[in-house]
Amino acid sequence: PLNINIPSVELPVAKTIVLGFSQLGSESAWRAANTNSIKAAALEAGITLIMKNAQQSQQNQVEAIRSFIESKVDVIAIAPVVQTGWDDILEEAKQAGIPVIILDRAVNVKDHSLYVTCIGSDFFEEGVKAAKYMLDKMRNYSGRIKIAELQGTIGSTPSIDRGRGFRKMIKGQNTFDITLTQSADFTMAGGYKVMREFLSLPNDKWPKVLFSHNDDMAIGAVKAIEEAGLKPGTDIIIISVDGTRRAFEQMIAGNINAVVECNPLLGPLLMQATQEIMSGRTLPKRMVPPEDIFPQELAAMEVGNRTY
Ligand code: GYE
């Protein structure tokens, strides 16, 4: 018999990448869009995604990360609820040799080698844009302008930096004054509640401008303003951040005056970064999506393009 010797070939088995992602919660429309974008992009990229929702608790995030380390995922991604307190758990991931991607919000760690890259918006710049719009919008208004601010989650990068960017721009402008400021946790219910409290003060304390750190809180505040018998967008100028479809609809209705865009659709960037890390490429330490600001005059034209 003919004896043919066929050498056996080792076919490389394409191992699917496993990504553990700790999502911070589900407080807003932005967050829902962010979660959906990540799920869809993982599916598209053929990456196995293990996602855990921390319901606004840093402790839950730490436990999720620890479970990812124990189950030896390939890459860990974290959307951190607050900025501080990450050094120890990131050190654990480093000891285990698992690369970490920081997504959306940032972390304050002493050792920057604890994460590979940080993908997310420039929140300081968003605050600057919001203030620039306000300065222009109010340029013909005479007298002192009282500003109310609805902050997001205390200790979170977007809230800290939007507040700082905004303040930087009004510093030295002595007609502009932030007279009321409180956290409403980035939620619609919170925005409603805090704005109601603001408007329960004597009316000489009522603000002329509202700077809301996100759309959900602004939409909640619109309801409280209407209930107080005022016209949102006219009696109180409203500026918010995110750029959700609902906020655009509110602009069209005249209730919100301008929205600073903050892009939640980070899924494709995250999957790309994950694949590049796995193939040994070096990534930039910081990746920032391009973003715009939309005044109410553009809302009707743009609403159809909003994908979140
Ligand atoms: O603006 C807000 C969400 O971290 C950029 O979190 C995100 C913020 C977003 O709850 O709506």
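**Helix α2 and its surroundings**

Tutor: The buried residues of α2 pack against β1 (18-23), β2 (48-53), β3 (75-78) and α3. Helices (H or I, at least four residues) and strands (E, at least two) are DSSP runs, numbered from the N terminus. Contact means C-beta atoms, placed from the backbone, within 7 Å. The model is predicted: local features need pLDDT of at least 70, side-chain atom pairs count only at pLDDT 80 or more, and totals for chains, interfaces and linings use all residues. Residues are numbered from 1 along each chain as its sequence is written.

Which residues of α2 are buried? They are Q61, A64, I65 and F68. Buried means 20 or more other C-beta atoms within 10 Å of the residue's own; exposed means 12 or fewer, and partly exposed lies in between.

Now the neighbouring helix. The axes of α2 (residues 58-70) and α3 (residues 87-95) come within 10 Å and cross at roughly 5°. Axes are lines fitted to C-alpha atoms, for helices over the stretch in contact; angles run from 0 to 180 degrees between N-to-C directions. The crossing therefore makes α2 roughly parallel to α3 (under 35 degrees). From α2, V62, I65, R66 and I69 make the contact; from α3, I89, E92 and A93 do.

Just after α2, K72 has a positive phi of about 55°.

Methods: Angles under 35 degrees count as roughly parallel, over 145 as roughly antiparallel, 65 to 115 as roughly perpendicular and the rest as oblique. Two residues are in contact if their C-beta atoms, placed from the backbone, lie within 7 Å.
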